[in-house]
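Q: I would like to go through this model with you. Could we begin with how the chains meet?
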Amino acid sequence: MLHFLRSINSKAKKIESSGPKEVPPPHDFKGISSNLADNEADLRQEFANISDIVFKQFYAGEVKILAVWFDGLINNRVSQDVFRALMLDIPEKQLLEVPKEERTDLINQHILPFYETQQVKDLAEIKRWILRSKMILLVDGCSSSLMIDAESRPQRSISEPVVEPTVLGPHDGFIENIGVNTALIRSRLGDAMLQSEDYIIGRRTNTQVTLMYVADIANPKIIEEVRKRLTRIDIDGILDSSYIKELIQDRTLTIFPLMKSTERPDAAVADLLEGRFALVVDGSPQVLTAPSVFIEFMQATDDYYMSPTVVWFIRALRYLSIFVATNLPGIYVGLITFHQEMIPIPLVFTIAGTREVVPFPAIVDALFLLIVFEILWESSIRLPRVVGAAINIVGALILGEAAVQSSLVSPTLVIVIAVSAVANFALGSRYDLAQAVRVIRLAILVAGGMMGFYGIALVSLFFLLHMASLRSFGVPYFEPLAPLITRELKDSFYRAPLWSFKKRPVLIAGRDTTRIDTPPPSPPDEHCTAGADSKKRRQKGGK
Amino acid sequence: MEPGKISERQLAFLITAMLVNTVILLMPQLGARAVEQDAWLTALLGSVWGIFMVLVIIALARRYPGRTPIEYLPLILGKPLGKILGAIYVFWFLSVGAVIVFEFISFLKITIMPKTPLAVFMVTIMVLAYYALRSGLESWARVNEILLFVVLVAIAAVIILPYHNLDFSRLLPLAEHPPGLLIASSMVSGSWRGEVILAGMLIPALARNKHTSRNLIIVVVLVGLFLAAMEISTVAAFGGVPAGQKEFPFFSLARMISIAKIFDRLEVLIVIALVLGTFFKICAFLYCSTLGTAQIFGFKRFQFLLLPLTVLMIGLALNSFKGMPELTDFAANVWPGYALLSFELVIPLLLYLIVLFRSRQVRKS
């Protein structure tokens, strides 16, 4: 029984072409009758006990028509236009003049000035369209109905990305509406090869998920794998793209992000152009792109909007940040506890002076302070903005100040933890990686406190081994560092000038591998150099 | 049997990690003990042995493509004899692995954390090795690919940075010892270079096997140069005879590093960098013994053998030696016979001769 149910309507259904067009008839096809009263009774039974559904009966000339939609999900202007066209503008006898079965055709082709319409004959499908906030017109005497896409869901307007703000580059971000999101991508990537496939996932939420990829760049095997994984999903509801991410990524028991979620259309398009695919999920402002590799999470969109030489410095800073964020507390505690001889002598006196009054071993202190910091971080996210300021004052000023003054923790340790925390925020635009860093930092701190640098080395090895065993849709997570692909290192620890990105990533892209074929900048022609003085210009005729 | 595939570069890097790590701990003083200031010559001569072994093991691998030595031994010697010799080989992998674990862990304990019991270090590093092997040859070969650079830079720092203490006149007189003695003492360094025969177990896991012999010879020669530089630095810093008396000249050399008079005592960092390299050497030996055991018995998978063999290696490592002096003695006197003259060179060479002889007979008939 369960298996039977599942086969009917649970698996994610792939819609063949994009947009609300053809849906393959499901197994329980049940045509509607030509009697409007029967149909109405059927639909009312289907939607029994729903108060916010509207059944509006009216006459177009002398033919009875029933419109069904959910209150608030239909654009008012469109629905008014529909009613005006059918109730007022239509000649009295026009609908009676054609055969009964062709009435919806007539309405569709001659009367309603809308483009997003579709004839539907299946009752289950009608039900599904209504649930997906479309309007359905049932015409008396006709065994087909008309779906009108006049959807207007409550939504916020396009705004600056919240998680990934940038200084340079475009400032629009994805929102919770899939139509807008795909349009943001499509408007940036005007290529017929940018293909999209729609999936309906979620037994109950019926959420639309759009898979986008550039057909001749993406690797067909990877796309096939995504299709397979998407159709495998069987879940009652999809509330955010992270549900999809967790259900299709290669491995879930890991702290590292295996798919990139971005709310920047330009980042999504850049990924599409590298041969990755994008998954746009209705109701989520985070678009997923994959296959993702580790170094991607160390890149920011701005990196490509600034001079490459500046970016060398910024990238180096970012890698330093991740090292400091993960290792500094562990190294400090390891130094204090096991390897004091390594500390330069003047510094030994400073640290010893501050630690003299502290009653606990360094590891206890550090754990205490780090956990307090993590709690502060967590609470500052969950609290309403108004109260957030208060937390900042209590956390930063009162706690920090008092902890040092009461000599529960040493001031040096406060600096160490603070620097590590600030370095963690330097990775802020990659929020999921920043979360992983928090876990690693705690592990390294404990290891450093228990076994010194040896412990730190082992824990680092553990995380490296774990990362090296990860794959994102078959692509090794450490690509291009290991397996080493020298050509692609130009966008890892530094960024080479754009003209040198001649090829797309070899393990990700499929057929069309040429990315840029611009020659490197050469010295300008003679006539426009600084030496082109006024005399020469005059000779050439003024310009 | 091995599901993952590694690249030729990864194999070369793995072998480099094996030939460099832990060798730098004992080789400098053993070389200096035998031939004083000419120790660096023995390090170079050791490469000749190494090249010879690469050629033999590659020639055998060519004859039996896609098979490890454990798999082709029964094909050469017949089933009973081949299986027995295979088992002996597996024990050799396991015991050498245990020696390496003991050697490195003792070094760690003596130099940076004298109060921690040996077992703590051993169990932690072996648990990690177990985890690495669980996650597959591919993943630890990849991490080694990234970290080898760090290890080599750390060792190079030990060679170069104590430059203000180096007195190269201590290397004179050059080649004072008779060639016979030089060649005999190069067998110690050669037997370490001979660990390259583990490549035989890893070659079937290669995705492409085209330049393997070239790569391995380059690795052996470069490692020889690197270790010769190590010897030169050691002897130039301490003099030939005192270098031979030190327990770990490498560590003493590392202690001489002082950067701008602020950062000194950096030897801990160097030792930790060695952890990152030695770990992969241990992994390689544990891997070969596990894979070999599975192949002797014809198991389809080897993962379930990992845990017992890890435990066995810890046990062997804990109980083989009483302390560092015994290990040094073993390395100087027993090791060349246990490695070079048997498992690394003589047995593979005999096997190859049998194969050659047999194929000639087949051609005649």
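Q: How many residues of chain B are in contact with chain A?
A: In this predicted model, 26 residues of chain B are in contact with 22 residues of chain A; contact requires C-beta atoms, placed from the backbone, within 7 Å. Residues are numbered from 1 along each chain as its sequence is written, and chains are lettered from A in the order in which they are written. Local features need pLDDT of at least 70, side-chain atom pairs count only at pLDDT 80 or more, and totals for chains, interfaces and linings use all residues.

Q: Which helix of chain B gives the largest share of that side?
A: α7(B) does, with 6 residues. Helices are DSSP runs of H or I with at least four residues, and strands are runs of E with at least two, numbered from the N terminus.

Q: New topic: which element of chain A has the lowest mean pLDDT?
A: Helix α1 (residues 2–9) of chain A, at 40, whereas strand β10 (residues 277–281) of chain A has the highest, 96. pLDDT is the predictor's confidence in each residue, from 0 to 100.

Q: And what is the mean for chain A?
A: The mean pLDDT of chain A is 85, and 91% of its residues reach 70 or more. Over residues 1–11 of chain A, however, the pLDDT is below 50. Where pLDDT is low, the predicted coordinates should not be read in detail.

Q: Back to chain B: what is the handedness of the crossing of α1(B) and α10(B)?
A: The crossing is right-handed, that is, the near helix is turned clockwise from the far one by less than a right angle.

Technical notes: Contact = placed C-beta atoms within 7 Å.
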